[in-house]
Amino acid sequence: MKEAEETQMRIVVTTSLRPTPIQVSRASEMATWFGATFVPRGGRSLAQLLQDADAVVVAADPAVIHVRGVEHPLFFHPSMAHQRLKRLEQGESDRLIALAEIGPGDAVVDATIGLGTDALVFAAAVGPEGRMVGIERSPVLYGLLRAVQAYGSEAHPREARLLQRVHLIHGDHLDWLRSQPDQSVDVVYFDPMFREPVRESTHMRPIRPVAWEASLAREALEEAKRVARRAVIVKERPKSGVFEALGLEPDRTTGRFAYGVWRRPG
Ligand SMILES: C[S@@+](CC[C@H](N)C(=O)[O-])C[C@H]1O[C@@H](n2cnc3c(N)ncnc32)[C@H](O)[C@@H]1O
């Protein structure tokens, strides 16, 4: 999603064809999280609704988002978080958690929360006594996670409960970071959209049409270094040139992705 598209994206929230009264009241509540208009379904097909909107959110469980011109609908699913959480439970280590040295009671900011896969693993690692903040610029992705927090998920109840521990913020991470005191969280994490979508995971494909696609701003990294007590981590392709440009040390030089790390000296 480019800047012009974001301002123009028309989102409507509706219900299934035969909604229950609860669905109707949820749909109108959800509309505020999506920055959308609530439109009663009125027997119309999705194709008909998409004639006047860029995205149609159907307020069911799960909430399903249909984007005009995009074949696959978008809905909440924990993706790799499911296996990663299981491994953590069994006492095994997680690459990202180990690298960020995150433990119970820590304060972690996921500055690009997306569908929340990494944030769920962070939330489990910091535990109920920790603090998790998740920032998302896309109104569609923010609205989707907000709905899971509010109404849970029949298919993924455990992940929905973990997501409830995340303080969700809709906006640009640079604005949020600028407003924070020095060294006020332990770790800040960035996973911006990769420049090269060719080998993109199936998890990421439905997100791209609604995600904020700009690369990580140098200023956001500098603000993150100011706000983080311990570390800032950036996920990118190892050969993208981003780590060299930002002066970060990648944990791997080959493979599908690497984590570039900055640690506070001393
Ligand atoms: C690759 S996805 C993140 C995936 C996430 N780590 C997960 O596990 O599901 C990147 C997300 O960051 C969001 N994003 C990109 N730039 C942003 C910014 N400046 N502020 C807030 N969110 C941003 C995008 O809209 C997108 O949802």
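**Entry 1. Burial and overall form**

I began with burial in this predicted model: buried residues make up 42% of the 266 residues in the protein.

I then looked up the secondary structure and found eleven helices and eleven strands. The radius of gyration is 19 Å, close to the 18 Å that the globule rule gives for 266 residues, so I noted the protein as being as compact as a globular protein of that length. Along the principal axes, I recorded a span of about 65 × 35 × 35 Å for the C-alpha trace.

I also examined how far apart in the chain the contacting residues lie. Of the contacts with a separation of 6 or more, 67% are between residues 24 or more positions apart.

**Entry 2. The two domains**

I noted a division of the protein into domain 1, residues 3-67, and domain 2, residues 81-263. The centres of domain 1 and domain 2, taken over C-alpha atoms, are separated by 27 Å. To the contact, domain 1 gives 13 residues and domain 2 gives 13 residues.

Which elements of domain 1 each supply at least two residues of the side that touches domain 2? I found helix H2 (21-33), together with E3 and E4. H2 provides the largest share of that side, namely three residues. By residue class, the side of domain 1 that touches domain 2 divides into ten nonpolar, one polar and two charged residues.

**Entry 3. A sheet of four strands**

I traced an open sheet of four strands in the order E2-E1-E3-E4, with mixed pairing. Strand E2 (37-38) and E4 stand at the edges with a single partner strand each, so one side of each has no neighbour in the sheet.

I recorded Thr 37 in E2 as the bridge partner of Val 12.

**Entry 4. A cis peptide bond**

Between strand E3 (55-58) and strand E4 (64-67) there is a loop, and I located Pro 62 in that loop. The peptide bond that joins Asp 61 and Pro 62 is cis, with omega at about 5°.

**Entry 5. Strands E5 and E6**

I next turned to E5 and E6, which run parallel and are joined by four bridges. Val 109 stands opposite Val 133 in E6. I asked whether E6 is mostly covered or mostly open. E6 is mostly covered, with five of its six residues buried.

**Entry 6. Helix H6**

How many residues of helix H6 (residues 117-126) are buried? I found that ten of its ten residues are buried, and the helix is listed as mostly covered. Among the buried residues of H6 are Thr 117, Asp 118, Leu 120 and Phe 122. Just after H6, I noted that Gly 127 takes a positive phi of about 70°.

**Entry 7. Surroundings of the ligand**

I counted 20 residues around the ligand, and the closest are Thr 112, Gly 114, Thr 117, Arg 137 and Trp 212. H6 and strand E6 (131-136) are the elements that give two or more residues to this shell. I divided the shell by residue class into nine nonpolar, six polar and five charged residues.

**Entry 8. Positive phi outside glycine**

I looked for positive phi values in residues other than glycine, and I recorded Glu 101, with phi near 50°. Glu 101 is found in the loop between helix H5 (95-100) and strand E5 (107-110). Is Glu 101 buried or exposed? It has 12 C-beta neighbours inside 10 Å, and the limit for an exposed residue is 12 or fewer, so Glu 101 counts as exposed.

I also recorded Gln 183, a residue other than glycine with a positive phi, near 45°. Gln 183 lies in the loop between helix H9 (173-178) and strand E8 (185-190). With 13 C-beta neighbours inside 10 Å, Gln 183 counts as partly exposed.

How values were computed. Residues numbered from 1 in each chain as written. Predicted model: local features only at pLDDT ≥ 70, side-chain atom pairs only at ≥ 80, totals over all residues. Buried ≥ 20, exposed ≤ 12 C-beta atoms within 10 Å, placed from the backbone. Rg over C-alpha atoms; globule rule 2.2 N^0.38 Å. Contact = placed C-beta atoms within 7 Å. Pairing = 2+ DSSP bridges. Near = placed C-beta within 6 Å. Nonpolar A, V, L, I, M, F, W, Y, C, P; charged D, E, K, R; others polar. Domains from an automatic or database assignment.
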